[in-house]
There are 4 protein chains.
Amino acid sequence: MGNGEKLKEECGVFGAFSLSTSVTSYIYYGLQALQHRGQESSGIAIYDGEKINCIKGLGLVSEVFNKENLKTLEGKMGIGHVRYSTTGSNDIINAQPLVANFKNEYMALAHNGNLINAEELRGQLEEDGRIFQTTTDSEIILHLIVKNLQKGLIEALLETIKQIKGSYALVILTDNKLIGIRDVNSIRPLCIGKKDDTYFLSSESCAFDVIGAELIRDVEAGEIVIIDGKGIESFKLEVEEKKMPCVFEYIYFARPDSVINGRSVYFTRLEMGKRLAEEAPVDADLVVPVPDSGIAAARGYSLKTGIPMGEGLIKNKYIGRTFIAPDQRDRETGVRIKLNVLKELVQGKRIVLIDDSIVRGTTMKRLVSLLKNGGAKEVHVRISSPPVKYSCYFGIDTPTKKELIGARMSVEEMCKLIGADSLQFLSIEGLIKSVGLKSICTGCFDGNYPMYVPKEGSKYLFEKK
Amino acid sequence: MGNGEKLKEECGVFGAFSLSTSVTSYIYYGLQALQHRGQESSGIAIYDGEKINCIKGLGLVSEVFNKENLKTLEGKMGIGHVRYSTTGSNDIINAQPLVANFKNEYMALAHNGNLINAEELRGQLEEDGRIFQTTTDSEIILHLIVKNLQKGLIEALLETIKQIKGSYALVILTDNKLIGIRDVNSIRPLCIGKKDDTYFLSSESCAFDVIGAELIRDVEAGEIVIIDGKGIESFKLEVEEKKMPCVFEYIYFARPDSVINGRSVYFTRLEMGKRLAEEAPVDADLVVPVPDSGIAAARGYSLKTGIPMGEGLIKNKYIGRTFIAPDQRDRETGVRIKLNVLKELVQGKRIVLIDDSIVRGTTMKRLVSLLKNGGAKEVHVRISSPPVKYSCYFGIDTPTKKELIGARMSVEEMCKLIGADSLQFLSIEGLIKSVGLKSICTGCFDGNYPMYVPKEGSKYLFEKK
Amino acid sequence: MGNGEKLKEECGVFGAFSLSTSVTSYIYYGLQALQHRGQESSGIAIYDGEKINCIKGLGLVSEVFNKENLKTLEGKMGIGHVRYSTTGSNDIINAQPLVANFKNEYMALAHNGNLINAEELRGQLEEDGRIFQTTTDSEIILHLIVKNLQKGLIEALLETIKQIKGSYALVILTDNKLIGIRDVNSIRPLCIGKKDDTYFLSSESCAFDVIGAELIRDVEAGEIVIIDGKGIESFKLEVEEKKMPCVFEYIYFARPDSVINGRSVYFTRLEMGKRLAEEAPVDADLVVPVPDSGIAAARGYSLKTGIPMGEGLIKNKYIGRTFIAPDQRDRETGVRIKLNVLKELVQGKRIVLIDDSIVRGTTMKRLVSLLKNGGAKEVHVRISSPPVKYSCYFGIDTPTKKELIGARMSVEEMCKLIGADSLQFLSIEGLIKSVGLKSICTGCFDGNYPMYVPKEGSKYLFEKK
Amino acid sequence: MGNGEKLKEECGVFGAFSLSTSVTSYIYYGLQALQHRGQESSGIAIYDGEKINCIKGLGLVSEVFNKENLKTLEGKMGIGHVRYSTTGSNDIINAQPLVANFKNEYMALAHNGNLINAEELRGQLEEDGRIFQTTTDSEIILHLIVKNLQKGLIEALLETIKQIKGSYALVILTDNKLIGIRDVNSIRPLCIGKKDDTYFLSSESCAFDVIGAELIRDVEAGEIVIIDGKGIESFKLEVEEKKMPCVFEYIYFARPDSVINGRSVYFTRLEMGKRLAEEAPVDADLVVPVPDSGIAAARGYSLKTGIPMGEGLIKNKYIGRTFIAPDQRDRETGVRIKLNVLKELVQGKRIVLIDDSIVRGTTMKRLVSLLKNGGAKEVHVRISSPPVKYSCYFGIDTPTKKELIGARMSVEEMCKLIGADSLQFLSIEGLIKSVGLKSICTGCFDGNYPMYVPKEGSKYLFEKK
């Protein structure tokens with residue numbers, strides 16, 4: 001819950017193509033439903049029949065857009081993006097969608113994911129005399145597509161995905177097409193929706209619910225989906241795909257009301273809680289979730305064990321992202337202003353405190369102390385995923401290994417650090433079974449990535465040292 | 001949950017007096033903990049050793065205050081206020097604390113409550129040649145105190161509370177004292193806290209938790225508490241008190257982690273849910289709370305009945321107070337962007353949907369339809385309080401009777417309107433037993449007010465018709 | 001021109017009363033025409049047929065008002081105010097118009113001037129049990145009027161001006177009247193205008209030109225003008241008036257296109273320049289005005305002497321009030337960014353540099369050095385008023401005597417300080433003749449005030465030490 | 001003076017290179033001195049020793065920059081830009097300086113001028129697979145330089161200016177160099193300054209005065225100036241140069257205190273006024289300038305004819321760029337709020353009203369009527385340049401021919417339209433003699449451009465129709 005305590009999701013993308021109606025408000029609502037995937041910048045690009053207009057800015061969708069500027073963005077095709085920066089600093093110049101002009105054509109692109117061969121690709125493009133105006137890897141993709149465009153759009157796209165390595169869920173807008181692309185390992189989510197004669201692309205299906213659209217299906221690994229006046233067409237690279245969707249979408253990133261790769265996110269979390277109860281039972285009086293991240297797993301834990309669940313920690317719903325302590329007198333206050341212990345409930349009880357993951361451990365330590373000061377007799381911490389031990393190269397902003405408590409310490413040491421009476425994590429096997437997919441990327445837990453990862457990357461790769 | 005659906009709490013007040021340290025950040029944190037009691041304006045007044053400085057503005061505490069302007073407000077005594085307007089329009093001139101200058105002295109006042117004889121009192125003061133610069137009833141209290149000040153402070157305060165009728169929890173700041181006053185019926189809450197050598201007054205005890213202070217006791221009905229360098233002194237009017245605290249603080253207004261009049265708010269809600277289960281059982285598969293207002297009662301209902309509870313409605317935590325729909329195409333979207341149904345969970349199930357109250361009924365209607373469209377087989381609505389049928393004259397902004405669905409319709413009609421399979425409310429007796437106090441104001445349910453109420457009031461009383 | 005170099009005018013007031021049309025945009029334009037009289041806060045109060053609505057804020061008229069908030073202010077009667085604070089700090093609570101509510105009536109008041117018996121009056125009112133919410137002397141006037149209102153409006157106004165001493169040009173708005181009052185010495189300007197069936201009151205006639213109204217006449221010394229549905233009525237206190245209008249309005253404050261007390265401001269300045277030429281001739285090649293304050297006098301000097309005038313100092317018109325130097329490396333840059341020397345014009349020439357007054361001398365010193373560094377052979381400074389030696393108690397913010405260069409130094413010493421080849425001031429006699437009125441207040445030059453002035457005042461009189 | 005009445009200057013550029021000190025505040029002050037050349041966007045790019053940081057935004061220099069963001073921009077080399085858009089719409093994406101990243105190098109570019117072969121060049125670059133992210137022609141120059149960079153920087157620059165046709169004053173920043181380039185016709189101004197060990201480039205010399213630097217010389221037609229640690233080096237294309245600087249810089253655009261191509265702007269304007277007096281004398285009582293554009297020419301006219309000059313039109317100095325009329329009742333008020341007639345001065349007089357140019361004629365019509373309503377007996381309009389009849393293709397935003405009153409009407413017709421008693425313009429010969437350069441571009445008056453101009457251009461060239 002605390003800033004810096006959770007891994008940061010990278011981005012959310014959304015696209016809409018209609019034959020009959022302006023899609024601007026669909027995209028606006030869609031991005032708000034995806035806001036949890038990125039809060040640093042927001043942008044919408046709309047083709048108005050003549051050209052692509054784009055408005056983007058730093059901040060939430062509700063901060064960047066208002067009735068007046070949305071009015072200037074009407075059109076039947078468009079894409080949108082919410083961003084938490086993984087490559088390139090948090091600067092307006094790096095906000096997406098990126099828009100390119102060339103030969104009287106427009107192309108806009110929004111990207112969720114991270115390329116691992118960005119440096120080589122950019123080097124080659126620069127050799128070629130090309131210049132870059134952002135420090136994002138997404139600009140590389142735009143260059144590659146345009147470079148190959150003389151072979152035709154489909155060929156250019158296929159050529160591009162042959163060259164880029166890493167994770168990418170892309171929505172692309174041209175003068176007459178909406179395009180969705182998902183990487184060959186389908187690491188980042190992307191799905192297709194429909195309402196009347198309007199097609200949608202979205203990082204998550206929860207955005208379809210908001211606008212009353214229906215989830216059709218996921219874009220598949222390595223698939224290019226092209227939506228235009230004739231409907232949907234699909235193209236695929238002739239490579240052996242190896243589906244390895246990111247497991248952290250199920251653990252924490254995605255909204256519980258989304259369905260990703262055919263699996264309900266809420267149910268996978270419920271399942272993780274149940275398996276955690278099997279793997280790590282404890283004699284206790286009350287299951288307390290860390291709000292909101294631990295709620296679904298706590299529910300599962302409670303259902304399995306029969307131990308009642310209760311709101312032992314209460315959230316202040318008016319404390320926003322931007323809380324700033326006016327003085328440094330009391331660092332504890334920063335946590336207490338966001339979460340308060342419900343002393344009457346926890347007093348004298350043996351508590352099972354449940355959260356989805358532990359990254360740095362500092363917030364968990366404060367929560368345990370909050371509960372103990374509130375009168376809890378015992379606090380047993382149960383985590384519905386294994387310890388995070390490795391960096392992610394595919395679109396999640398993981399701290400350095402030094403900061404990852406799971407990489408530095410044994411479970412016993414962690415338990416001592418956070419001051420809990422016991423601490424247990426869900427096993428990797430339990431996690432995989434909970435999700436129920438044939439294969440999945442668990443790189444952050446065990447280092448098994450979908451592809452060879454050359455070296456420690458950096459989100460400031462293209463900003464000179 | 002929807003705007004307009006819930007009754008509006010009126011205000012929160014907070015005060016601090018220290019012998020050794022600046023209290024500004026305490027008040028800042030305290031007001032943030034009380035933010036749920038009013039989001040229209042925020043203000044802090046601090047005595048700096050020479051004079052009272054006051055900063056107030058429209059908006060949340062976090063919007064009105066920042067590191068820079070807090071720096072200009074240091075001092076060892078101060079009060080603060082968050083406001084939702086019940087008398088006087090939402091205008092900066094009406095923001096509190098009010099500050100008066102006279103004879104080289106300062107007095108600042110923050111008020112939660114509503115006077116029912118404001119018109120008469122103001123008329124008398126005006127006869128006397130006094131002028132008013134706001135349209136709040138709180139300014140009347142300030143005039144009365146100052147008018148009587150030549151008799152000494154205590155006498156002036158006693159004289160004032162002899163004259164004012166209605167509800168009031170007051171915190172007052174002078175050059176050397178912090179004063180707390182609660183009306184003779186103790187309608188609005190006010191309690192005393194302490195940390196080291198600093199005393200606090202607060203509408204709710206949750207604010208003490210945030211700053212690490214301890215709840216000492218409630219200010220009692222008709223009590224005047226004076227805090228200064230010598231400690232706390234208490235004065236009382238020689239009248240027969242008749243404690244009738246507002247029941248809606250327990251139902252909805254107060255934070256669950258507060259203790260009011262010695263009763264834990266969370267536990268009263270849990271109890272309401274349990275009694276509701278007894279009074280209005282139903283054969284169902286899943287208890288779904290309306291987040292966040294129905295959570296505690298749903299928990300009680302689930303515990304009592306054994307029917308499992310689940311997150312059937314998912315909140316978008318990034319949709320703030322200020323959500324504005326960009327177009328009118330789809331009014332439904334306004335609800336769906338805030339709450340989404342978790343279809344995978346509710347599909348095919350018989351749902352008990354639990355909320356704390358129904359005011360207008362429009363949001364409840366949309367939620368029932370959301371659940372049914374999401375696949376719920378049956379939706380049984382259970383409300384953990386009786387139907388709201390009467391206006392409040394004591395500090396709650398109730399809609400007119402015409403808008404109160406409970407005043408216009410029978411329960412059967414309401415059930416039909418919201419499209420539920422069944423609808424039941426907690427009885428007044430069940431409610432009273434759940435709270436467990438000897439006497440309590442249930443005027444909004446049965447018209448039994450703590451005092452004679454002359455006629456329909458208006459929050460714009462002092463703004464000419 | 002420099003901040004801190006010029007004396008600060010105190011305020012501008014404007015009022016409008018129409019039988020047929022909304023006056024809001026008249027007041028908006030009128031205040032913009034009076035903006036030179038105060039830039040710290042702006043406010044408009046309008047009677048909408050039921051009540052007085054008031055919007056005020058810190059900043060220029062164009063910053064406080066916009067199309068949207070002006071729309072909420074429509075009505076046929078209203079007053080406005082622009083402020084530079086002379087009593088009370090620059091705080092939103094002190095912004096005018098002040099609005100009072102009492103007995104279902106409204107009264108709004110805007111004041112230009114300064115009371116010298118504010119302390120005594122406020123003391124008496126406080127004895128009486130009245131409270132103050134601002135630290136302005138204008139609030140005292142409002143209290144006095146309301147206190148006496150039971151005798152009838154006219155009597156209350158006459159009673160009030162019997163008690164208040166000092167300077168005041170007042171515009172007052174009630175539910176059905178617009179009232180203008182000018183002090184018995186007519187120190188501050190106030191005049192009456194008319195357009196169709198709308199009457200206006202304004203500090204200066206230039207505001208009438210802007211809205212296409214005609215100047216009817218000045219409000220006279222000690223006169224109360226009441227405008228309502230029946231037309232204009234006039235009342236006067238039976239005291240011996242002693243007209244002594246402020247001479248500095250003619251020297252610097254008023255706009256050149258205003259006519260005050262029947263005298264064109266531009267022509268009095270032209271005349272000051274001519275008389276300065278007679279009193280202080282010099283053998284020179286070019287007359288250079290300090291823009292914009294010295295232009296009219298320089299024109300007169302040039303006309304009288306035949307020495308050509310030229311734009312030797314060029315203003316950067318994009319540098320606003322709020323210029324802030326990013327670093328302290330070069331304090332000179334602050335002056336140069338606002339005014340640049342036109343080297344090609346001044347090179348090798350003997351310059352007569354003309355300004356209206358010298359207060360602290362720091363800017364004049366920089367301008368002389370700017371001209372000399374630009375190649376001027378000689379720089380002779382001529383000032384179209386005498387040295388400022390005394391504080392003003394009637395609405396002008398004069399520095400303390402310590403800061404007034406004219407109070408500390410002889411003309412020779414000043415000349416040496418600013419580095420000029422010669423320095424001469426217009427004589428008091430020359431000044432009086434230039435204005436051409438029978439009597440005039442020249443207190444800041446010779447200490448002869450219109451009334452006995454008890455002691456050094458302070459603009460923070462009512463803010464505790 | 002009125003919006004839309006004056007031709008719009010295009011841009012101002014500024015650069016600084018120091019061996020010892022941070023240049024950020026120099027650039028900040030320099031841009032403020034050049035603010036008259038563009039008010040739509042402002043930007044500064046600084047090389048900090050590692051990379052180029054750039055801050056840019058819509059608005060004035062004082063609106064985009066503040067102490068805090070300037071602090072993040074320290075470095076010894078940098079460039080800046082103020083913009084009024086001539087190619088590309090007024091959008092943040094089009095703000096300059098443009099910054100390119102490639103092969104671990106940075107290049108920033110700021111451009112004043114307009115390319116006439118932008119379409120062809122961009123087409124070729126797009127053929128090549130390059131993409132554009134702005135709709136400015138300046139981005140083309142950046143692409144061309146980078147494309148040729150493998151031949152070395154000097155060759156790349158020479159190659160680039162061989163290809164681009166039109167007007168350009170460029171300042172370019174690399175990791176170790178500051179570069180200035182002026183087109184072969186030297187249409188737009190660019191000059192070199194020095195202070196201690198810091199070199200400067202600026203559109204106008206007035207910026208050097210502000211920071212205390214000295215004007216060294218103009219960059220010459222077709223010259224490339226390279227400033228680095230070794231000092232200044234100069235390169236020139238081996239083409240026959242044909243100097244044709246823009247005459248409108250002398251008539252209106254440049255600040256009077258600038259020296260361009262060795263000629264004082266103020267003196268050329270004084271001279272235009274004198275020659276206008278010779279060519280178009282009139283029997284009159286008073287010369288009145290339109291402030292501020294007509295002041296210098298009016299001065300010359302007055303000097304030559306002996307007719308005295310007077311401030312017949314008074315400017316409101318608080319009315320900024322952003323004046324918005326609150327209602328449409330009185331369109332005249334828009335002019336009167338900015339300029340008021342000094343009735344006392346013009347009454348009964350025969351006026352010569354002098355301005356620098358007439359574009360649409362609407363404002364001049366209002367000024368003549370203002371003067372006549374103010375009592376002027378006769379109003380003779382004299383313009384210190386010929387009628388504008390042709391569009392500019394070299395960096396000035398001229399209205400379409402339909403809107404140019406000089407292209408549609410004879411002088412007699414114009415005179416009738418504006419309601420003057422007589423109207424006369426300076427002849428082209430008189431204009432050329434006043435400036436005193438061997439050759440000069442007078443294309444907007446006679447259609448004689450420095451090069452063949454293919455067709456009507458558009459500032460929205462690269463934004464799809």
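In this predicted model, A:Cys441 sits well inside the buried class: 24 other C-beta atoms lie within 10 Å of its own, and since 20 or more is enough to count, A:Cys441 is buried. Leaving aside residues up to four places away in sequence, A:Cys441 touches A:Ile187, A:Met244, A:Pro245, A:Cys246, A:Val247, A:Tyr449 and A:Pro450.

One of those contacts, A:Cys246, turns up again in the annotation. According to UniProt (an unreviewed entry), the feature "binding site" is placed at A:Cys246, A:Cys392, A:Cys441 and A:Cys444. These four positions are spread over 199 residues of sequence, yet they cluster in space, with a largest C-alpha distance of 10.2 Å.

What about A:Cys392, another member of that group? A:Cys392 is found in a loop too, this one between strand S20 (378-383) and helix H14 (405-408) of chain A. Is A:Cys392 buried or exposed? With 23 C-beta neighbours inside 10 Å, A:Cys392 counts as buried. Its contacts, again not counting residues up to four places away in sequence, are A:Thr398, A:Gly443 and A:Cys444.

Zooming out, chain A as a whole is built from 17 helices and 21 strands. Its radius of gyration is 23 Å, close to the 23 Å that the globule rule gives for 465 residues, so chain A is as compact as a globular protein of that length. Along its principal axes, the C-alpha trace spans about 70 × 45 × 45 Å. Of the 465 residues in chain A, 61% count as buried. How do the contacts spread along the sequence? Taking the contacts in chain A between residues at least 6 apart in sequence, 72% join residues at least 24 apart.

Then there is the second copy. Chain B can be laid on chain A with an RMSD of 0.1 Å, using a turn of 180 degrees and a shift of 0.1 Å along the axis. That is the relation of a two-fold axis. Which C-alpha of chain B is nearest the axis? It is the one belonging to B:Lys317, 4.3 Å from the axis. The two copies also use the same surface, as 100% of the contact residues of chain B recur in chain A.

Technical notes:
Residues are numbered from 1 along each chain as its sequence is written. Chains are lettered from A and ligands numbered from 1 in the order in which they are written. This is a predicted model: local features need pLDDT of at least 70, side-chain atom pairs count only at pLDDT 80 or more; totals for chains, interfaces and linings use all residues. UniProt positions are given in the numbering used here, feature names are shortened, and annotations may be inferred rather than shown by experiment. Helices (H or I, at least four residues) and strands (E, at least two) are DSSP runs, numbered from the N terminus. A residue is buried if 20 or more other C-beta atoms lie within 10 Å of its own, exposed if 12 or fewer, and partly exposed in between; C-beta atoms are placed from the backbone. Two residues are in contact if their C-beta atoms, placed from the backbone, lie within 7 Å. The radius of gyration is taken over C-alpha atoms; the globule rule is 2.2 Å times the number of residues to the power 0.38. Copies are superposed by least squares on the C-alpha atoms of residues with pLDDT of at least 70 in both.
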